[in-house]
Amino acid sequence: MRSKVSFKCPKCGQNVEAEQWSAVSGDKNPQQKAKLLDGSLFKAVCRKCGRVSTVGYPMIYNDMKENYMIWLVYDTEEVGHVTEYFKKSKSGQPDDDSQEPVDPGCRQRIVLSPEALREKIMIFDSGLDDKIVEIMKLAYSKEAQIKLRGDTIAAALFSNRDGEKQIEMYTEKGKAFVAPVSRALYEQLEDKYGGKASYAEDRVYVIDDVWAWQLVRQFQ
Ligand SMILES: [Zn+2]
């Protein structure tokens with residue numbers, strides 16, 4: 001599940017070696033999980049000049065205990081492949097003998113960046129429904145947008161730092177707002193969208209802001 005790559009440091013040309021993990025299990029590799037959450041699993045430091053390079057690579061993350069798996073890929077073609085793989089994994093007709101049968105209740109997701117992978121893990125480990133969290137992020141961003149007077153919220157991210165569940169909102173310039181997650185709002189949105197959101201579950205694996213927009217617009 002681990003391999004090594006090397007590349008030339010873009011700043012000084014020194015050979016940099018980096019470890020790549022194609023699979024990480026949250027319940028079996030706590031060390032790698034911690035590195036994934038602090039971002040260092042996708043970073044390599046040059047020993048000569050100290051430059052930090054980002055190393056992007058596909059990864060499958062799973063947590064058997066919490067019953068979810070997340071596949072990190074980088075383009076739409078790969079999303080298509082993983083979608084097919086996920087569909088087959090629950091149909092009882094896996095691609096090959098090496099594919100273990102997947103529990104029907106297992107939550108399967110596809111993400112397109114290491115940041116999105118980190119966020120999903122924090123959402124699931126907080127015992128929350130990522131579909132409701134995505135819808136909630138829209139509500140928070142809309143409210144923050146009003147306060148910005150002209151600037152736009154470019155991204156909103158769920159985080160859980162030492163048990164503090166928050167929504168962090170960013171403009172192009174950087175972090176603009178941090179708001180604690182309101183349990184009351186979460187429950188309100190769960191009542192309104194919960195059933196409708198799970199209806200879409202088995203057909204879509206990329207649960208992000210675009211997905212949330214479409215759902216909210218459809219059921220407004
Ligand atoms: Zn260097």
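How far apart do the C-alpha centres of domain 1 and domain 2 lie? And which strands form the open sheet, in what order?

Modeller: This is a predicted model, in which local features need pLDDT of at least 70 and side-chain atom pairs count only at pLDDT 80 or more, while totals for chains, interfaces and linings use all residues. Residues are numbered from 1 along each chain as its sequence is written.

The C-alpha centres of domain 1 and domain 2 lie 30 Å apart; the assignment places domain 1 at 1–56 and domain 2 at 130–219, with bounds that come from an automatic or database domain assignment. The chain holds 6 helices and 11 strands, where helices (H or I, at least four residues) and strands (E, at least two) are DSSP runs numbered from the N terminus. Its radius of gyration is 19 Å, close to the 17 Å that the globule rule gives for 220 residues, so the chain is as compact as a globular protein of that length; the radius is taken over C-alpha atoms, and the rule is 2.2 Å times the number of residues to the power 0.38.

As for the sheet, 4 strands form an open one in the order 3-6-7-8, and the pairing is mixed. Its edges are strand 3 (23–25) and strand 8 (107–111), each of which pairs on one side only. From one strand to the next the twist averages 15°. Two strands count as paired if DSSP finds at least two bridges between them, and strand 7 (residues 68–72) and strand 8 pair in the parallel sense over 5 bridges, with Ile70 standing opposite Arg109 in strand 8. Helix 3 (residues 114–125) packs on this sheet, touching strand 6 (59–63), strand 7 and strand 8, and its direction makes about 170° with that of strand 7. Here axes are lines fitted to C-alpha atoms, for helices over the stretch in contact, and angles run from 0 to 180 degrees between N-to-C directions; a contact means that the C-beta atoms of two residues, placed from the backbone, lie within 7 Å.

Phe158 has its place in strand 9 (residues 155–161) and, not counting residues up to four places away in sequence, touches Glu119, Met122, Ile123, Val133, Lys137 and Ile167. With 22 C-beta neighbours inside 10 Å, Phe158 counts as buried, since a residue is buried if 20 or more other C-beta atoms lie within 10 Å of its own, exposed if 12 or fewer, and partly exposed in between, with C-beta atoms placed from the backbone. Over the whole chain, 24% of the 220 residues count as buried.
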